[in-house]
Amino acid sequence: MNKFNNKCSVEKSDQLGRYVVSVQDIDEGETILTEKPILIFPVFGDETQRCCQCFKETGDICKSCAKFPICASCGPHNDFECQILQKLEKMPRKLNNVFGVIRCLVEMENDEFSEVFNTMEAHQSERRGTAIWKIHHNTTVDPLLGTNIKSLIKNAEVDSDLLQRICGVFVVNSFDIKVPDGVGCLRSLFPNAALLAHDCVANTIVSIDDNFQMKIYANRDIKSGELVTYCYTNPLWGTSKRRESLLVGKYFHCMCKRCEDSSELGSHMSSILCPSCPDGSLIQRNSNWRCVECNTIEDPSEIEELVTDAELSLTESEGNLRLLETTLRRYSKVLHKNHHVLVELKQDISAILRNLINDPTFNPNVELLQRKAQLCGEILDVLKIVQPGISVMKGIALYEFALPTSDIGRMNFDSGKITKDELKRILEKTQKDLKEAARMLSYEPLDSSEGQLARNIAMDLKELQEEIKDIRSW
Ligand SMILES: C[S@@+](CC[C@H](N)C(=O)[O-])C[C@H]1O[C@@H](n2cnc3c(N)ncnc32)[C@H](O)[C@@H]1O
């Protein structure tokens with residue numbers, strides 16, 4: 001049995017390096033890989049002191065080595081690691097900038113780890129001399145070379161090249177994991193999962209549960225011989241931002257179907273409204289911005305400026321409901337309704353409304369619920385195109401669309417605006433949406449926030465079924 005349960009094989013090409021291909025038909029929802037991380041570490045630059053075992057915040061430090069933080073509930077950390085750290089002199093002050101690299105060097109004393117780690121892509125030659133190389137030199141490599149770590153590690157020659165290679169492996173291969181005790185993330189290495197190539201419309205979903213166990217499952221049927229992919233970037237960004245993040249962080253120019261299509265598969269997530277005709281949109285083809293209806297051409301630098309301004313306004317509006325709505329209204333006049341900046345504004349507004357609706361001291365009125373449902377409906381329309389098949393984001397958006405819709409129905413019935421039959425129809429539609437939301441989240445690990453949400457939806461569904469039964473009996 002190979003690491004992909006014999007469902008996939010690992011191949012190699014000049015363009016992709018190593019990649020994963022299915023060797024049998026795989027069903028939607030089927031698990032392709034489960035894996036434990038070989039390394040977890042805080043994000044470089046993060047100042048929070050975290051326990052080196054459970055990664056929860058702690059003020060305590062290991063009493064034996066006096067180097068790595070460890071919380072009272074975790075007991076001692078690895079003995080071997082502790083012994084090396086005891087001998088480490090001139091420990092750099094900003095621990096999180098060097099924590100992952102130190103732990104990696106200690107792990108490299110184990111041949112099995114070393115063998116796996118040495119096969120991982122670091123893009124050393126592409127990274128050499130770049131801005132991120134220089135940042136890693138100043139924050140990680142130089143401070144570590146100022147210690148005596150070189151004399152403590154036997155299995156590898158600790159020099160600037162090796163330390164940069166470790167930083168490169170982290171950048172190219174690491175997965176984000178939610179911190180166990182709040183908002184924020186950690187980084188982790190899963191060497192088998194990292195073999196999957198990228199696609200902006202991928203055919204798998206990667207989930208990591210509260211115990212840091214990863215599960216990768218198919219988000220649609222995958223035919224034997226297909227490339228197995230996951231999305232390395234944010235699918236709700238526009239093409240230029242996705243491509244830029246992949247080029248800067250993963251060192252390749254994405255040529256997937258979505259990136260190669262000027263309309264982004266018809267989602268128009270980067271399109272601009274045409275200033276010259278009522279229904280047209282400007283899309284970018286070979287650096288030209290041209291209207292699909294009337295062929296009007298716009299200056300690329302003006303479009304770039306417009307989008308930059310919109311992004312800036314979005315940042316300036318963050319957390320402020322009134323400002324976000326004003327910015328959304330302003331840029332809806334010039335950007336396509338599915339433009340990624342508008343989608344982000346809608347997500348931010350929706351998050352604020354969610355907090356208001358969930359606040360037990362607040363009584364949301366019909367208008368607020370309608371706004372919430374409308375925004376979730378619009379976000380869903382985009383997700384249906386860029387995330388076809390099973391999608392956690394779609395499940396959440398559908399859930400957040402269904403709840404206010406049913407509440408509006410109940411309020412309208414209570415105030416005599418709709419009949420019993422109309423209410424029943426609304427609740428039956430909600431029931432259908434909740435079932436679909438539950439299906440979207442049903443493959444998520446039970447021990448994860450998404451798994452918990454799936455359970456909440458199941459409870460809501462049960463109550464709704466009772467309510468509908470009750471209404472039918474009136
Ligand atoms: C996480 S690693 C994947 C495993 C890697 N191919 C290997 O051999 O170790 C990410 C790297 O794979 C390559 N890659 C992944 N998806 C790609 C794609 N769609 N197009 C081009 N290169 C890709 C790039 O070199 C990228 O930096």
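**First stop: a helix**

Select residues 300–317, helix α10: at 1.5 Å a residue, its 18 residues should span 26 Å, and its end C-alpha atoms are 26 Å apart, which agrees. (The expected span is 1.5 Å times one less than the number of residues; helices are DSSP runs of H or I, at least four residues, numbered from the N terminus.) Residue numbers start from 1 along each chain as its sequence is written. Keep in mind that this is a predicted model, where local features need pLDDT of at least 70, side-chain atom pairs count only at pLDDT 80 or more, and totals for chains, interfaces and linings use all residues.

Now pick Val307, Ala310 and Leu314, the buried residues of α10. (Buried takes 20 or more other C-beta atoms within 10 Å of a residue's own, exposed 12 or fewer, with C-beta atoms placed from the backbone.) Look down the axis of α10: its buried residues fall within an arc of 55 degrees, so they line one face of the helix. (The arc uses directions from the helix axis to the C-beta atoms.) They pack against α11 (321–332) and α12 (340–358). On the other side of α10, exposed residues include Ser301, Glu302 and Thr308.

**Next: Val341**

Which residues does valine 341 touch, leaving aside its neighbours within four places in sequence? Val341 is in contact (C-beta atoms within 7 Å) with Val307, Ala310, Glu311, Leu314, Tyr331 and Leu335.

**Last stop: the core**

Select Ile32, Val341, Tyr399 and Ala437: of the 71 residues in the largest nonpolar core, these touch the most other members. (Such a core is a set of buried Ala, Val, Leu, Ile, Met, Phe, Trp, Tyr and Cys residues joined through C-beta atoms within 7 Å.)

Terms used:
Contact = placed C-beta atoms within 7 Å. Helix = DSSP H or I, 4+ residues; strand = E, 2+ residues; numbered from the N terminus.
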